[in-house]
Amino acid sequence: MKISLFIPCIVDQFAPQTAISTFKVLRKLGCDVDYPFEQTCCGQPAFNTGYHHEAKICAERFLKIFSKSNYIVAPSGSCVAMVKNFYEELDLSKETLSIYQYLKNNIFEFSDFLVNILKIENINAQFNAKVTYHDSCHLLRELKISNEPRKLIQNIKGIELINLNESDTCCGFGGTFSVKFPELSAAMTEEKVNNIEKSGADYVIANDVSCLLNIQGILKKRNSRIKILHIAELLALGM
Amino acid sequence: MNELDTKYFKKLVKEKLSDKSLRTIVKKATFHSLQKRNETIQNDISEKWEQLREKAYSIRKITIENWDYYFNQIKAKFSENGIDFFYAKNSSEVCDIVNNLLFSYKAKNIVKSKSMVTEEVGLNEYLEKFGFIVTETDLGEYIIQLANERPSHITAPALHKSRSEIGFLFSEKLNIDYTDAPEKLTDYARQILRKKFLNADVGISGANFLVAETGTIVIVENEGNARLTITLPKLHIVITSIEKIVPTLSDALILLRLLPVSSTGQKITSYVSFINKPEEEDNSSKNLKKIVVILLDNGRSKLISDKKLRSILYCIKCGACMNKCPVYQLIGGHAYGSVYPGPIGSILTPWLNSFKDSKDLAYGSSLCGACSEICPVKIDIHYQLLRIRKYSIEKKFSPFIEKIIFKIWLQIVKNYKIYNLLSNILCFLGPLFQETGLKIPVWSKYKYFPAPFEFSFHKWWQREVKTQEEYANV
Ligand code: SF4
C-alpha cells in the first residue's frame, strides 16, 4: 500500500522521533512510505488565530503537494482534522477544492489508519509499564477516534492501561490560546496533570505531540517522574 | 467585580483564576449537572440520544431558515388568540413598550420569573429608575437580586454562590438568623415571595418556545413561580427574543425532551406551562386578563440572514455548554462580562454588542469542541468561535505585532528551502537548551517549553532515506 507521510511542523522540529516511529511502524506493516519533501505546515496556526488569508495560501500549497497521494497518514489528530474538516472553512480555489474533495477522504490519523484501514490492532510490541491515555480534542471530536488507540495500546504485551479521569477534557494547549491566555491555559493543564498524577501511571500516551509537549510543560515544572509518549513511539518500541 | 463589560475579559479571567473557592463551587455545580445529565440520558431516555439531537437540530434549522414565514404565522395566531404582540428592534424599544404598558395599568409592583432577555435589555434597572418595584421570583434570580449581582449562568443564575454565602446574604438583607440549610432558606424566600405575588400588578416572564402553528407560549420551570407570575396579576408580559419560535407543538415536545435533560439532568421539569390565550377573569369574557408578547431582535435578524452564522440562533438556552466547558469551569460566568456567559455567550455576544469590545471572548477558548459535542441542537460552537476570529482579523482588530508575525511566518512556510534552513538552525541550537527548555515570554512563567530536537525529521529523511534508493539501511 502506497502512503504519503504528513509530518506536522511541530513534530518535524520538536519530536522527530515520533515521525521516525510512525515511518518505521508503517514500513513494518508493509506500507510503501513516501515523504513529500516540500511539505511544511498545514496552516493551522494562522487559521486558528483568524488569519484565513495566510491559512488559505498554506492549505492550497499543502493540497498541491499531496495531490498525487493515495493515502496520507499523519501522527496527529489535530493536523488531520485541520485538513479534513477545517479546510472546508477556507474558501479554496476551484482547482484546489477538487483536490480537497478527494484528499479529505484519504487522509488519516496514524491509529485510525492502522485499525480501520490496515485492520491491525495488534502489532506484537512489548512494553512493561503502566500507562494512561489522554484523548486529544480534535482526534476525539473532529475525527471521532477513541477506541482505536486504546485497542492498540491494550494489545501491547506487558502493558497496563489505566483509566484517566476526565480523559476527554482538553489539556489546555489550543495553540494561540496558550499564548493569549497563558494563565487560563496553564490552569487547564494543571487540572489535566493532577488527573494524570492521580492515575498512578508511569507514562501518559496521546496521539498528538502538541498536547504531549504541553502536558510535559507542567510535568517538568513539577519535577514529575511521569513521562510523555506518543502512540507511534510506543508501538515502535523495541523495533 | 461583576461588571457587564466584555472589555475586561482578560483581566477578569486572571482575577477569577486566583479565586480558588469560586473554582471549587463552579466545578462542583457543573459536575453535578453533567453527571445527572449523563445518568438520565443513559437510564431514562428511550430513544437514542444522538437521533433526538439530530431531530432537534433539523427543527431549529428549518425554523431559522424559514424564520420570516413562522414569524408571520405566529403574529397572526397571537392576534387570533387575543394576545397583543410587539416586535422590538432593540433594548430601548422593549423598555419603552413595557414602560407604557405599566403606566397604562397604573402598575407599581411587578413580579418577574426568569428571563435572560430582560437581562440583555437591562429591564430591572430601567424600571427601578421609574420607581417600579420589581421582584425576581425564581429563587436563584432572587438571590442574585438581593446580592445586587448578575446571573453567572443562564439556567442557574446563582451557581457561583456557596450555601453559606447565601445564608449570610439572607441573614443580612432579610434580617433573619443565619442558616445555610437550603430548606429553611427556600422557606424564607417563599414566604416573602408569596406576599409579592399577591400584591403584584403585573407579571413579566420569559418564554422557552413560541409555537407558530397555535400561538402557544411554552414556559419551563421548577419552582412554580413562573406559573404564579403568569396567572395572578392582571397583565402578563412575555419578553423573549425572536429566535424562540418553533413551527409546531410536536416540534416543541421534541425540544422539551432535550432541554431539561441538558440543563439539570431532569427528564422533565416540575412545571411546563402552555399558554394559548388570556384567561377570563371571574368567568365573564368581557373581563379578560391581558397577555402581551414582546420579541427582541437586537441584531438577531442580521444573524438569521447570514448562512454561516445563523446556527448560533438554534440555541435553546439549556446551559449545557457552560457546564461542560473547561474554561467556564475554571472562571465561572462573571469573568465573561457578558449577559450570556460560556461558549454560547462567546459566540453570541460579539454579534449583539460592540464586536470590537467582545471579540476577545472568542479567543478565550482552546477550541476543544466539548461545547459543540454536548449541545442538544448541535450548534457548531467552536466553528463559530473561529468565524469570529476570522472576522476580527478582517476588521483589522488584531495586534500589530501579531500581523507581522503571521506575515513572516507565511513567507517561511511557503518556501520549504527557507523553512528547512531555519529549522536546521533551530535544531542545531536545540541541544544547548535541552535542560532548561526555551524561555518563551509569558509561557515560561507557567510551563516548561521544550527545545527543538537536535535534527528535524526533514533532515533525518534526507540523511537516512532519501539518499537510499531502497530503504535498506533504515
Ligand atoms: S449553545 Fe447549545 S448547549 Fe449551549 S445553551 Fe445553547 S442549546 Fe444549550
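Let's start with chain B, which has 24 helices and 10 strands. Keep in mind that this is a predicted model. Along its principal axes, the C-alpha trace of chain B spans about 95 × 55 × 45 Å. Of the 474 residues in this chain, 55% are buried. Take the contacts in chain B between residues at least 6 apart in sequence: 73% of them join residues at least 24 apart.

Searching the whole structure turns up six cavities of 30 Å³ or more. The largest cavity holds about 160 Å³ of space, and 19 residues line it. If you want to find its centre, look for B:Cys325, B:Pro343, B:Ser365, B:Cys371 and B:Leu385, the lining residues that lie nearest to it. Three elements of chain B give two or more residues each to this lining: helix 15 (326-331), helix 16 (342-352) and helix 19 (370-374). Helix 16 of chain B gives the most, with three residues. What classes of residue make up the lining of the largest cavity? There are 13 nonpolar and six polar residues, and no charged ones.

Let's move over to chain A and look at a pair of helices. Two packed helices are described by the angle between their axes and by the distance between those axes. Here the pair is helix 4 (residues 52-65) and helix 6 (residues 94-103) of chain A, whose axes come within 9 Å and cross at roughly 60°. The crossing of helix 4 past helix 6 in chain A is left-handed. On the helix 4 side, A:Glu60, A:Leu63 and A:Lys64 do the meeting, and their partners in helix 6 are A:Glu95, A:Thr96, A:Ile99, A:Tyr100 and A:Leu103. Sorted by class, this contact between the two helices of chain A has four nonpolar, one polar and three charged residues.

Is A:Val80 buried or exposed? Its relative accessible area is 1%, so A:Val80 counts as buried. What is around it? Leaving aside its neighbours within four places in sequence, A:Val80 is in contact with A:Phe6, A:Ala74, A:Asn85, A:Ile107, A:Phe108, A:Glu109 and A:Leu143.

Definitions and conventions:
Residues numbered from 1 in each chain as written. Chains lettered and ligands numbered in written order. Predicted model: local features only at pLDDT ≥ 70, side-chain atom pairs only at ≥ 80, totals over all residues. Heavy atoms only, no water. 1 Å grid on protein atoms, 1.4 Å probe; cavity = no way out; pocket = protein on both sides within 12 Å on 5 of 7 lines; lining within 4 Å. Points joined across faces, edges and corners; volume = space filled by probe spheres on them. Helix = DSSP H or I, 4+ residues; strand = E, 2+ residues; numbered from the N terminus. Nonpolar A, V, L, I, M, F, W, Y, C, P; charged D, E, K, R; others polar. Axes fitted to C-alpha atoms, helices over the stretch in contact; angles between N-to-C directions. Left-handed = near helix turned anticlockwise from the far one by under 90°. Contact = heavy atoms within 4.5 Å. Buried < 20%, exposed > 50% of the residue type's maximum accessible area, 1.4 Å probe, protein only.
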